[in-house]
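Subject: Structure handover

Hello,

Please look through the model first and then read on.

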Amino acid sequence: ALSIFLDLTRNNSTKERRKVAQIASFTVLVTICIFTLSGGALLKLLGISVGSFQVGGGILVLLIAISMMNGNNNPAKPDVGIKESNEITIQPGKSSQIGAIAVVPLAIPMMIGPGGISTVVIYASAAKDYQDTLSILAAGFLISLICYLILMAAARVSKWLGETGLTILNRIMGMLLAAVSIEIIVAGLKNLF
């Protein structure tokens, strides 16, 4: 998610980047908590198997990966428009969109995607007592803290890599994300069949 964070916040101030990192990390924590406490029941209520959840989520992640590799516009990214001079420009996101980009696509599905949510649901359903559930919640807190610290170091990475390096990183991460999405889909198909 680091390359997505750098791409989405390249025109933002340090304070705005910090806010995006805070919201994204908090969203990861809240998502883990919600699916730990009610994920299995929610999927049962909707009649969704974990395998179906993994396949659908894997397809979503694959689409994001393809967008990253092609450099195509993603609806969750800042607006892309064409000036009268036929020059393609990217307008920076407005301050009101900071929370939106922090939640989607940064936190969900990049930092806590269908694979992570499925893992949380599977472990939560296997929990034998409240101590197991508390362990999952504590791990979720630790994960969100690590995510925040890594995102806050992103500015240094951005300066070190430069524009070309960020573009290359985005393409490489897109390829890796595509491979991860296939793993999620295969795991889901194994669960289904």
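Angles between helix axes run from 0 to 180 degrees between N-to-C directions, and an angle over 145 counts as roughly antiparallel. H3 and H7 pack at an angle of about 165 degrees, and they are therefore roughly antiparallel to each other. Their axes are 7 Å apart, and the crossing is left-handed. By class, the contact of H3 with H7 has 19 nonpolar, 10 polar and one charged residues.

Please keep in mind that this is a predicted model.

Overall layout

The protein has seven helices and two strands. Along the sequence they follow the pattern α-α-α-β-β-α-α-α-α. Of its 193 residues, 37% count as buried. Among contacts with a separation of 6 or more, 82% are between residues 24 or more positions apart.

Helix H4

H4 covers residues 98-111, which makes 14 residues. Its end C-alpha atoms are only 16 Å apart, whereas a straight helix at 1.5 Å a residue would reach 20 Å.

Which residues of H4 are buried? They are Ile98, Ile101, Ala102, Pro105, Leu106, Ala107, Pro109, Met110 and Met111.

H2 against H4

H2 and H4 pack at an angle of about 45 degrees, with 8 Å between their axes. The two helices are therefore oblique to each other, and their crossing is right-handed.

On the H2 side, the residues in contact are Glu16, Lys19, Val20, Ile23, Ala24, Ser25, Thr27, Val28 and Thr31. On the H4 side, they meet Ile98, Gly99, Ile101, Ala102, Val103, Leu106, Ala107, Ile108 and Met111. By class, this contact has 12 nonpolar, four polar and two charged residues. Several H4 residues that meet H2, including Ile98, Ile101, Ala102 and Leu106, are also among the buried residues of H4.

The two pairs side by side

For reference, the H3 and H7 pair is roughly antiparallel with a left-handed crossing, while the H2 and H4 pair is oblique with a right-handed crossing.

Regards

Definitions and conventions:
Residues numbered from 1 in each chain as written. Predicted model: local features only at pLDDT ≥ 70, side-chain atom pairs only at ≥ 80, totals over all residues. Heavy atoms only, no water. Helix = DSSP H or I, 4+ residues; strand = E, 2+ residues; numbered from the N terminus. Expected span 1.5 Å × (residues − 1). Buried < 20%, exposed > 50% of the residue type's maximum accessible area, 1.4 Å probe, protein only. Parallel < 35°, antiparallel > 145°, perpendicular 65-115°, else oblique. Left-handed = near helix turned anticlockwise from the far one by under 90°. Contact = heavy atoms within 4.5 Å. Nonpolar A, V, L, I, M, F, W, Y, C, P; charged D, E, K, R; others polar.
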